[in-house]
Amino acid sequence: MKRWKKVAVAISVTLVTLLISITMISYLLLRRSLPDYNADYFVDGLKEEVKVYRDENAVPMIIANNDSDAAFALGFIHAQERLFQMDLARRAGEGRLSEVFGNKTVLFDKMFRTIGIYKQVSDTYERLNPLSKKILVAYSKGVNEFIKKSKGNNPIEFDVLGYDPYEWKPEHSLVIGKLMGWELNVSWWSDIAFANLIQKLGVERAKELLPDYPQNAPTIIPSNYQSFAEISTDFIEMDRKFREFTGFVGTHIGSNNWVVGGSKSISGKPIIANDPHLAFTLPGKWFFVLIRSNEWNVDGFTIPGLPAVVIGKNQNISWVLTNVMADDSDFYIEKFDDNRNKYLFNNQWKDLSITKDSFAVKDSANYIFEIVKTHRGPVVSEIHPYNLLYPDAGRIKSNISMRWTGLEFSDELFAIQSVNRAKNWIDFKDGLKHFTLPGQNFVYADEMGNIGYVCAAKLPLRSTASPTLVYDGTTDLYDWKGFVPFEEMPKLFNPTQHFIASANNKTVESFKYHISNVWEPSSRIERINDLLGIKKIHSTHDFKRYQTDFVSPYAKKIVTHILKAFEKTKVNDENLKVSLRLLQNWNFELNSKSQVPTIYTHFLFHLIKNTFQDELGKELMKEYVFLANIPYRIINEFLEGNISTFFDNVETPRLETKDEIIRKSLVDAIVELENKAGKDIANWQWGSFHKIYFKHMFSGANSLLDKLINCGPYEIGGDGTTIFNTEYTFQELFEETRDKTKPYRSEPYENKLGPSMRYIFDFGDPNYLNFILPNGQSGHFMSDHYSDMTGMWLKGEYIKVPLISDEFIKYSVNFLKLIPN
């Protein structure tokens with residue numbers, strides 16, 4: 001062999017060896033922080049030894065002799081699997097993101113410090129029930145023991161961002177609970193956005209766009225509403241940017257749950273099911289666990305950072321949740337004096353509470369600002385980047401204060417711990433007396449065959465049962481008068497229909513107190529009720545099928561109007577003819593392999609656009625469609641009512657009718673699809689447009705890294721009106737440009753939110769339960785359990801978990817011991 005060839009071969013071999021070595025070293029470095037499931041840990045803060053068995057899916061069973069040690073162990077394994085997720089959540093609620101992320105999160109920190117979540121939980125901590133404090137302290141010790149033992153070997157995200165986690169306090173768990181309440185709150189959007197509509201369109205035009213407006217309050221809008229200074233959407237814009245940053249996007253923030261009594265189940269016992277709809281992120285929201293102790297025996301879904309099973313079962317009962325969509329906050333237009341030291345209230349000038357605050361910013365000076373409060377709560381109108389970075393351009397904005405039930409004293413941990421330990425319906429109800437937020441529909445079943453429902457939320461007593469608007473703050477007329485007594489909250493026990501279901505729909509037909517006016521469209525609950533009502537007897541297998549159902553009663557209603565609009569119209573275009581024929585023969589299942597859902601969803605977009613945008617304009621249009629349930633509901637009301645003048649295009653000299661706008665919208669949809677996917681309708685399958693992509697917070701930084709930390713994309717069926725909720729973001733459809741550098745920005749029709757877990761339990765088969773997560777138990781992207789459940793979740797499959805300790809231990813694959821020092 002010639003010398004130059006030998007040299008080339010040697011160099012090639014060396015490079016390949018070096019590349020393999022670098023790859024192996026990188027692989028080992030990335031895996032070094034993975035939790036050890038089989039270690040013996042000697043720890044401080046534990047009373048007695050705790051055993052933790054894990055099955056092949058990394059589901060742990062904690063076996064302890066007392067609830068304090070069980071809580072310690074839960075904190076330890078939460079930190080093992082999800083420490084970065086937990087740290088990020090507490091930092092967000094505390095207003096400490098900027099210590100890590102620098103200037104780009106300054107305004108998020110200012111927002112949450114102004115709202116005051118951490119201050120509220122710190123100030124009221126001593127008022128908690130002793131059980132809550134005991135569990136919180138024990139849990140915090142467990143988290144801190146893991147932090148101490150993993151020092152220098154933290155999850156890779158800490159190394160990338162260049163910091164170490166700090167000590168976990170009991171208050172941090174409370175912050176995460178409050179933050180969950182904030183994330184599930186929709187009235188932060190509706191109050192200000194609806195008021196903004198009124199100011200820009202006038203009272204009469206805006207009334208048509210407000211859901212349930214005539215029913216809830218035909219006279220609540222003050223006659224001088226339009227004379228107020230501009231009600232800016234700055235606050236909701238700031239909160240929206242925070243949600244984009246953290247990944248809590250999508251607005252169908254609800255769920256499905258239902259239960260059938262023994263007379264409607266094959267087993268003769270209740271069967272209960274739940275699938276909460278939350279934004280998709282990696283890692284996901286939930287962590288599944290089984291806990292066995294002499295005082296606390298419970299199985300189900302926990303939120304890392306919180307020491308309780310939020311949804312699940314114990315030896316006697318099971319409970320599942322959906323969002324009430326409660327209107328739990330109000331906003332007030334305040335009048336300040338010229339010095340901005342006082343505010344006008346009942347014809348008297350009252351002192352504003354003004355305090356200075358500051359926080360650290362990475363690679364920058366500390367950020368110093370003022371927190372201004374009235375007797376109601378913080379003034380939030382200044383929380384927006386434009387107010388700091390850009391001139392005001394001459395606008396005179398209102399000063400807006402906020403009152404939120406999350407800033408009232410509450411003890412949700414005691415409520416959930418009480419439910420975890422409840423033996424019957426009475427215990428269950430008594431526990432929920434302490435539950436404030438986020439307002440939840442609790443559906444219940446027990447081993448004795450009972451089923452029930454409790455609306456658990458802290459509803460303000462207002463002077464009128466009104467739709468939500470921004471109120472005049474110069475008077476006490478709109479101040480809260482207290483809260484609706486728990487005894488008067490809606491409840492249901494063993495109904496004659498022998499089933500109970502909720503899907504973020506209206507709680508009760510007639511209720512003397514205001515709950516909400518931003519309910520989800522009735523499509524999901526209609527479909528659930530049909531499935532539960534038509535079939536006489538149900539099984540676990542049936543429930544699995546129901547939870548993955550893609551049929552939309554809403555689509556059926558919309559398509560009826562499309563077909564009617566074309567009844568007497570001659571159609572020449574071939575693709576329009578085929579589309580109408582496909583719609584006519586459709587079974588209203590949004591199957592990923594079908595072309596009909598693509599035609600329907602694109603039509604719906606153009607119908608909403610052609611109906612509203614000529615009057616709202618592009619910016620207000622994006623604001624209006626942000627909370628997706630509003631345009632869903634209003635456009636259907638317009639189609640059913642046949643009287644709205646919004647169908648007319650004000651930019652043309654003629655008066656357009658409803659049917660003309662429908663026909664135009666279908667033509668627009670077909671033209672768009674032809675431009676995007678070609679003229680062959682066979683290429684218009686819904687899954688080609690509608691995909692799900694599970695993304696880590698670091699997504700988008702590097703394409704190679706994305707392959708490690710993200711999961712997907714996968715084609716998927718459904719939409720925001722199907723039981724299997726696969727919401728895409730309406731607002732994204734109206735964006736003319738997309739900033740893809742943001743980790744959670746999506747493509748049009750990309751699925752952003754849906755079932756964050758699925759759970760089914762049959763009391764007739766009490767030794768097993770069925771569940772699945774969209775991804776996996778672990779938050780470590782190099783872990784085998786980071787996304788090992790995704791394939792099963794997509795196919796509607798479930799993990800069947802044995803609940804008897806001996807059987808679980810028999811099939812466990814890992815064993816960890818926590819041993820007191």
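I take a salt bridge to be a side-chain nitrogen of Lys or Arg within 4 Å of a carboxyl oxygen of Asp or Glu. I keep in mind that this model is predicted.

**Entry 1**

I looked up aspartate 299 and lysine 313. Their side chains meet in a salt bridge at 3.2 Å, N to O. The pair links distant parts of the chain, 14 residues apart. Aspartate 299 sits in strand β7 (residues 298-302) and lysine 313 in strand β8 (residues 311-314). Buried or exposed? I checked both residues. Aspartate 299 has 2% relative accessibility, so I count it as buried. Lysine 313 is buried too, at 6%.

**Entry 2: a pair with a loop**

Next I found aspartate 765 and lysine 800 in a salt bridge of 3.7 Å, N to O. Aspartate 765 lies in the loop between β25 (758-762) and β26 (768-772), and lysine 800 is in strand β27 (residues 799-802), so the pair ties together parts 35 residues apart in sequence. Aspartate 765 is partly exposed, with 31% relative accessibility.

**Entry 3: a network**

I searched the whole structure and got 40 salt bridges. Asp87, Arg90, Arg91, Glu94, Arg96 and Glu99 are linked in a network of them. Within it, I noted arginine 96 with glutamate 94 at 4.0 Å, N to O. Arginine 96 is partly exposed at 22%, while glutamate 94 is buried at 8%.

**Entry 4: a sheet**

I then turned to an open sheet of three strands, ordered β15-β10-β18, with mixed pairing. Its edge strands are β15 (399-404) and β18 (470-472). The twist averages 35° from one strand to the next. Strand β10 (residues 329-334) pairs with β15 in the antiparallel sense over six bridges. I saw glutamate 334 opposite asparagine 399 in β15.

Methods. Residues numbered from 1 in each chain as written. Predicted model: local features only at pLDDT ≥ 70, side-chain atom pairs only at ≥ 80, totals over all residues. Heavy atoms only, no water. Pairing = 2+ DSSP bridges. Helix = DSSP H or I, 4+ residues; strand = E, 2+ residues; numbered from the N terminus. Axes fitted to C-alpha atoms, helices over the stretch in contact; angles between N-to-C directions. Buried < 20%, exposed > 50% of the residue type's maximum accessible area, 1.4 Å probe, protein only.
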